[in-house]
Amino acid sequence: MNLNESNSGLGLVIIVSGPSGSGKTSVCNAVRKELGNLQFSVSCTTRSPRINEIHGKDYYFISREEFDRRTANNEFIEHAEVYGNFYGTLKSELMNKIKAGHDILLDIDVQGALQIKKYSQNDKEIAGCLELIFIAPPNFAELEKRLRSRQTDAEAAILKRLQTAKSELVLWKEYDYILVNRDINETVREMKNVIETLHKKTKHLEHLNFDV
Ligand code: 5GP
């Protein structure tokens, strides 16, 4: 009996969210470096590029007018306002990558994650490859400590992030997995294990069949 792997299925859509200060972005970057088939989804944003950020690699940096036009054209699978800037995931970006068989990692906020979860209720193709991972800090005091130690944000911005974090943390049960980031190396290992295990889930292997 052989498992026939001649036709490849869609890649996985892996959404990763977590409050600012959870270490989500560092974890995603490290996992991305280690897993060859995993690609980032490049989002559109209206915020200005930071030093070292590259258009088309980190984000598509677009004007508010262009963002609104793309929203009206229904080009985003989700979009949200985060800390005063607009962000959106392009359907084309996502579909092209998963149809090429790549896993795609979306580092997006909780509002966007829940929009895609809702969208998937009416889209079997997306529902079949969607997985949501929540990265949490060990506790709220640690989150506050991490945000304050960055020393890049003004007090008002820190308070805003803490407030937002509270509303995000209560939504962790909407996700399929939760990883508590006590130690970055450990969390990277855990996330790699989760992704590797996802590839063994039968719902992601429907393209395979047994030669019987
Ligand atoms: P930053 O501007 O620091 O890169 O990202 C700020 C927040 O926006 C992060 O929580 C990040 O996950 C989120 N974000 C980035 N891209 C998107 C997107 O396409 N959609 C949504 N909903 N959030 C995003």
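**Notebook: fold overview and Ile77**

I began with contacts (heavy atoms within 4.5 Å): of those in the protein chain with a separation of 6 or more, 69% join residues 24 or more positions apart.

A note on the source: this is a predicted model, where local features need pLDDT of at least 70, side-chain atom pairs count only at pLDDT 80 or more, and totals for chains, interfaces and linings use all residues. Residues are numbered from 1 along each chain as its sequence is written, and side-chain values use heavy atoms, with hydrogens and water left out.

Next I looked up the secondary structure, and I find 8 helices and 11 strands in the protein chain. These are DSSP runs numbered from the N terminus, with helices being H or I of at least four residues and strands E of at least two.

Then I checked the overall dimensions. The C-alpha trace spans about 65 × 40 × 30 Å along its principal axes.

Last, I picked out Ile77, which sits in strand 6 (residues 76–82). Ile77 counts as buried because its relative accessibility is 7%. Beyond its neighbours within four places in sequence, Ile77 contacts Thr89, Lys91, Leu94, Ile116, Tyr119 and Ile126. I noted 5.8 Å between the C-alpha atoms of Ile77 and Thr89, which are 12 residues apart along the chain.

Note on methods
Buried < 20%, exposed > 50% of the residue type's maximum accessible area, 1.4 Å probe, protein only.
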